[in-house]
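Trainee: I would like to go through the salt bridges here. Could we begin with a charged pair and its surroundings?
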Amino acid sequence: MSTPSSARSARRNSQAWQALARHHEEQMADVHLKDLFADDAAQGRDRVAMFTRSAAGLRLDLSKQRLTGKTLELLLELARETGVEQGIKRLLAGEHVNRSEDRPALHAALRLPRSASLEVDGEDVVPAIHESLEHLAEMVETFHSGQWRGATGKPITDVVNLGVGGSDLGPLMVSSALNDCRPKGIHEIGVHFASTMDGSQLADYLESLSPETTLFVLSSKSFSTIDTLSNARTARDWLRSRLDPEGRLEALINRQHFIGASAKPEKMSEWGIAPEHQLLFWDWVGGRYSLWGTIGLPIALNVGMDNFRRLLAGAHTLDEHFRTAPLEDNLPVLLALAGIWNNNFLDIRAHSILPYDGRLEYFASYLEQLEMESNGKSVTNDGEMIDYSTCPVLWGQLGPNAQHAFYQLLHQGTQAVECDFIAPMCRYDHIEDAETRGHLKAQHRLTLANCFAQSRVLMLGDDAIPGDEEQPNHKRYRGNQPSTTLLLETLTPETLGALIALYEQKVFVQATIWDINPFDQWGVELGKQIATATEATMTSGEGFGSLDASSRALIEAIWTAQGQDPRR
């Protein structure tokens with residue numbers, strides 16, 4: 001249930017936490033999901049209605065979680081006791097909820113309508129947000145009208161986003177999910193993404209794209225991320241060698257073939273990006289929360305500015321629900337509490353994200369960063385070491401593909417896993433040809449049948465097929481694996497925005513209950529520092545003797561393979 005400790009932390013020793021621990025031990029430790037459904041039915045309780053809520057085009061069904069009405073009541077008390085209600089108000093009011101960096105976390109402000117007002121540290125941030133959106137819209141219009149031209153005068157036809165982490169995963173995920181929303185009648189722009197430090201993704205683009213018609217977006221909050229800058233240097237060298245072998249067009253290439261999106265305008269200028277081609281955002285936007293602003297340029301290029309604004313509007317609708325709904329009807333709160341119950345009381349430390357829609361191919365990868373970089377913490381806001389579990393390990397894949405990959409572990413493995421099944425209720429209504437529409441809607445029905453069947457088998461095990469009790473053990477399914485089902489009315493910019501915001505706010509609720517800061521990522525920094533020092537050692541040999549034996553052996557193996565030993 002919780003990490004053993006001779007002296008429990010304040011969180012674990014709180015009245016609500018202890019009440020949940022007793023409830024688990026005395027009433028829930030050995031309860032099977034099939035019995036929860038049977039008991040509720042016998043008592044005349046509508047279990048689905050008890051654990052299903054809807055808002056912002058989303059339907060959240062927690063009935064297959066190992067919860068009773070009493071469990072939910074105690075979890076809600078934990079939320080109240082740990083200050084979730086106050087935390088929501090502080091987050092959305094722009095207070096300094098990022099305590100280690102002493103600043104607000106205002107990603108939700110990026111989706112406020114122009115008519116709103118939000119004063120932060122004495123300044124209304126909404127006008128500046130919409131000014132940045134207008135700058136973004138002007139750029140997008142220039143591309144879509146065919147007026148953004150490269151150094152040789154040809155219109156830009158391809159844009160490559162160079163980013164990593166939040167500057168890559170968010171724009172990539174949304175662009176892919178809304179690809180069929182691409183506007184008609186515009187100058188077509190191919191949008192591509194390259195993030196890997198080794199250059200393998202970028203190399204493919206440099207082989208196939210034309211330097212005359214390709215532009216690169218350097219997306220980096222700090223504008224110091226080595227992965228992004230190394231790709232950017234390669235891209236600039238590629239452009240120069242093909243468009244300007246005599247070195248006469250350097251300034252024009254920088255101006256017409258590069259856009260920067262960062263919180264550091266001085267660094268963009270130093271790199272050579274023209275001030276008017278710099279898209280700015282603020283320190284109070286975390287990288288993994290930044291797709292809602294100018295980091296979303298690839299999204300807007302792919303789906304158009306109108307659809308980008310619809311994405312923001314859908315997220316804002318969910319934010320308003322988060323702000324106004326009571327805890328017992330609040331989708332992010334309820335989703336968070338189910339995770340708290342699984343993680344801290346049922347000892348389920350693995351969480352699988354399973355979308356049943358090919359357009360959400362990158363959603364699990366996006367959530368891996370959102371949740372694990374936010375809540376992968378072991379120190380409280382007051383600097384105390386934590387003696388309870390925080391963020392579980394997230395992983396996932398498209399559900400129909402995962403059924404032929406890792407579902408074996410879900411159904412018959414030794415480890416319990418919480419699963420989120422995500423699917424749109426309706427699809428393909430826009431297809432004009434009736435026969436094609438019919439075939440595709442049948443495929444969608446088959447996909448939904450698989451989604452519902454898998455969560456049913458995870459819940460019931462063998463009991464999903466009556467009369468199968470005599471099967472040998474290697475064909476038996478134990479069931480009792482908890483899952484959540486999230487249905488979208490249909491996948492649109494609005495519902496996708498709401499879906500992303502749902503998980504963002506869920507992360508905040510869990511962080512509040514765990515008393516951790518979800519808006520910093522100090523754990524990422526040390527690896528970057530050591531990597532820089534290691535690269536210097538590999539280049540010069542300096543400091544080699546101070547390394548551990550394994551690192552020395554690995555570096556020597558590389559020197560031998562490459563025939564280059566700087567010590568000689």
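Trainee: Is D382 buried or exposed?
Mentor: D382 is exposed, at 56% relative accessibility; buried means under 20% relative accessible area, exposed over 50%, and partly exposed in between (1.4 Å probe, protein chains only). This is a predicted model, in which local features need pLDDT of at least 70 and side-chain atom pairs count only at pLDDT 80 or more, while totals for chains, interfaces and linings use all residues. Residues are numbered from 1 along each chain as its sequence is written, and side-chain values use heavy atoms, with hydrogens and water left out.
Trainee: Which residue forms a salt bridge with D382?
Mentor: R99 does, with the closest N and O atoms 2.9 Å apart. A salt bridge is a side-chain nitrogen of Lys or Arg within 4 Å of a carboxyl oxygen of Asp or Glu. R99 is partly exposed, at 45% relative accessible area.
Trainee: And what about R111, which residue does it pair with?
Mentor: R111 forms a salt bridge with E504, the closest N and O atoms being 2.9 Å apart. The two lie 393 residues apart, and E504 sits in helix 19 (residues 493-514); helices (H or I, at least four residues) and strands (E, at least two) are DSSP runs, numbered from the N terminus.
Trainee: Are R111 and E504 buried or exposed?
Mentor: R111 is buried at 2% relative accessibility, and E504 is buried at 1%.
Trainee: Changing topic, which residues are joined into one network?
Mentor: D180, D357, R359 and R427, through salt bridges that share partners.
Trainee: How many salt bridges does the structure hold?
Mentor: It holds 31.
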